[in-house]
Amino acid sequence: MPSRTIEREQSMRNKMLAAASIVVLLALPFVANAQDKTIQAIERYREMLADDNPAELYELRGAELWRKPRGSQQVSLEQCDLGLGAGIVKGAYVRTPRYFVDAGKVMDIESRIAWCMVTLQGFTAGEIAKRPFGSETYKSDMEALVTYVVSQSKGMKIDVSTAQPQEQHAYDMGKQIFALRSGSYDFACATCHGDRGKRIRLQELPYLSDPKDAGRAYIGWPAYRVSQGEMRTMQWRINDCFRQQRFPEPQYLSDSVNALIMFLAVNANGTVYNGPAIKR
Amino acid sequence: MNRNFVLCILACTSLLAPSVQAEAPDLSQEAMAMIRRDFQPRGSAGLNRLDQDAVQAVCNRFANKPPQQLMGLLQADQQAAIKFPADGNLLGDWKAGEALAQSGRGLTWSDSPGTAVGGNCYNCHQLSPAELSFGTLGPSLLKFGKLRGNTAETQRYVYGKIYNAKAANLCSNMPRFGHVGALGEKQIKDLVALILDPESPVNK
């Protein structure tokens with residue numbers, strides 16, 4: 001990543017942290033209804049963040065990576081079939097997860113990009129899975145590629161089908177896994193996301209079986225996470241949920257995670273996708 | 001009652017309804033198999049975390065609404081396993097309890113194995129009025145001691161609830177902190193004090 005881009009990202013991030021402290025200061029004088037005021041302040045912070053989203057930088061880098069000859073085959077991803085035909089990126093994201101005959105699997109957008117990296121470019125699945133999620137010091141190519149691809153569905157409605165039996169099966173499995181309690185604390189996804197209007201600390205928890213909440217949550221990813229200085233995908237989001245559930249780790253791009261994404265996507269159907277999001 | 005007995009009950013229930021099974025296969029079993037195939041151990045979170053005990057198995061099998069009789073048997077089983085302090089003193093230090101209630105650390109794959117496990121209380125409950133950042137997954141415990149009284153009976157109730165919430169409500173969302181060994185005797189006593197001690201900010 002060129003240093004100019006890094007500087008721009010840092011300056012954006014500094015602005016956001018400044019905005020956050022202003023919001024906190026604004027919230028302080030209100031003692032009455034402190035709870036509501038705090039939540040309102042968080043909402044204002046979110047609005048201020050939205051003006052300047054570093055996700056754009058990931059989108060640009062992803063577009064470059066998409067067109068660049070890479071891997072042992074030294075070809076680009078421009079002939080990748082994301083479900084609408086080879087080379088069609090526009091609108092592909094909002095139609096995933098979907099069943100891909102060539103892979104014999106239901107794949108989310110990230111799994112499909114990885115599939116193209118293996119089949120077209122000659123990367124190995126092991127290489128891709130080695131370090132899929134970025135950090136402050138390590139920029140993941142996958143996160144940039146996903147950001148680029150999803151940005152090409154901006155303004156379109158989530159339109160995920162369960163017409164194929166494999167798609168219906170993935171949805172059913174996702175629904176089951178969502179409710180499955182296990183681990184040290186007997187947690188399931190549904191423990192936090194199975195009821196309306198709940199919070200963990202001050203964080204509002206979407207009720208993910210409800211279309212409206214599921215829609216809002218689903219279009220909230222991928223997102224630039226200000227607190228982590230990093231772009232995060234839906235694969236990351238679900239991985240981190242399992243971490244907090246005190247479960248062992250789902251393997252990267254595994255059927256279980258794709259089934260959960262299928263469950264969420266179908267519940268979110270009809271919601272307009274606004275492009276990569278930004279969060280605290 | 002042991003785990004095998006309960007698993008037998010589960011198996012027998014499915015045997016009793018073969019026709020229903022033929023029409024609607026038990027998808028939860030298939031989902032469990034999928035998870036077992038897809039997950040890997042990381043840090044302190046081994047694959048044994050996917051082994052369900054009787055409570056988890058029954059709550060999963062019956063979508064958290066098990067039949068009364070089965071629920072009663074299992075609750076009694078969980079209640080009998082609660083270890084109350086030998087010295088009979090259940091009230092610890094509310095200040096230590098407050099610190100513990102604030103912490104949500106422990107048992108994730110990113111926590112180093114030696115990490116002190118937190119009580120996670122504020123994630124789901126309102127406690128001290130000064131702490132505005134509280135969750136609403138569980139009921140508010142503000143003024144709990146003031147309303148219920150700091151009696152020996154209430155202390156035993158609260159200790160038992162933190163030790164194993166499933167003893168009174170089998171498919172409760174609340175973890176079994178004592179039962180699974182996440183919190184020890186001293187820590188649970190400190191949390192009891194946070195909730196019941198008249199000096200605790202919870203009751204001011």
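This is a predicted model: local features need pLDDT of at least 70, side-chain atom pairs count only at pLDDT 80 or more; totals for chains, interfaces and linings use all residues.

**Stop 1**

Chain A contains eleven helices and eight strands. Of the 280 residues in chain A, 54% are buried. Among the contacts in chain A with a separation of 6 or more, 70% join residues 24 or more positions apart.

**Stop 2: the interface of chain A and chain B**

Now display chain B as well, and select the residues of each chain that touch the other. Chain A contributes 38 residues to the contact and chain B contributes 54 residues. The size of an interface is often given as the accessible area lost when the parts come together. Here the area buried between the two chains is about 4100 Å², and carbon and sulfur atoms give 54% of that area.

Turn next to polar interactions. The interface holds 29 residue pairs in polar contact, with both residues at pLDDT 80 or more. Several elements of chain A each supply at least two residues to the side that touches chain B, including α2 (34-50), α8 (189-193), α10 (234-244) and α11 (255-267). Which helix gives the most to this side of chain A? Select α7(A), which gives the most, with six residues. Colouring this side of chain A by class will show 15 nonpolar, 13 polar and ten charged residues.

**Stop 3: strands that pair across the chains**

Select β7(A) together with strand β1 of chain B, residues 39-40. These strands pair in the antiparallel sense over two bridges. Within this pairing, Glu249(A) stands opposite Gln40(B).

**Stop 4: salt bridges across the interface**

Five salt bridges cross between chain A and chain B. For one salt bridge between the chains, select Lys166(B) and Asp186(A), whose side chains meet at 2.8 Å, N to O. Then select Lys105(A), Asp255(A), Arg37(B) and Asp38(B), which a network of salt bridges links.

**Stop 5: salt bridges within a chain**

Over all chains, the count of salt bridges comes to 22.

- Select Asp240(A) and Arg237(A), which form a salt bridge with their closest N and O atoms 3.7 Å apart. They are three residues apart in helix α10 of chain A, so about one helical turn separates them. Asp240(A) is buried, at 12% relative accessible area, and Arg237(A) is buried at 15%.
- Select Arg36(B) and Asp51(B), whose salt bridge has its closest N and O atoms 2.9 Å apart. Because Arg36(B) lies in helix α3 of chain B and Asp51(B) in the loop between β1 and α4 of chain B, the pair ties together parts 15 residues apart in sequence. Arg36(B) is partly exposed at 39% relative accessibility, and Asp51(B) is partly exposed at 39%.
- Select Lys189(B) and Glu185(B), which form a salt bridge with their closest N and O atoms 3.7 Å apart. Since they are four residues apart in helix α10 of chain B, they are separated by about one helical turn. Is Lys189(B) buried or exposed? Lys189(B) is buried, with a relative accessible area of 10%, whereas Glu185(B) is partly exposed at 37%.

Definitions and conventions: Residues are numbered from 1 along each chain as its sequence is written. Chains are lettered from A and ligands numbered from 1 in the order in which they are written. Side-chain values use heavy atoms; hydrogens and water are left out. Contact means heavy atoms within 4.5 Å. Buried area is the accessible area (1.4 Å probe) that two parts lose on being put together, summed over both. A salt bridge is a side-chain nitrogen of Lys or Arg within 4 Å of a carboxyl oxygen of Asp or Glu. A polar contact is a pair of N or O atoms within 3.5 Å; within protein, one must be able to donate a hydrogen and the other to accept it, and residues adjacent in sequence count only if both atoms are side-chain atoms. Ala, Val, Leu, Ile, Met, Phe, Trp, Tyr, Cys and Pro count as nonpolar, Asp, Glu, Lys and Arg as charged, and the others, Gly among them, as polar. Two strands pair if DSSP finds at least two bridges between them. Buried means under 20% relative accessible area, exposed over 50%, partly exposed in between (1.4 Å probe, protein chains only).
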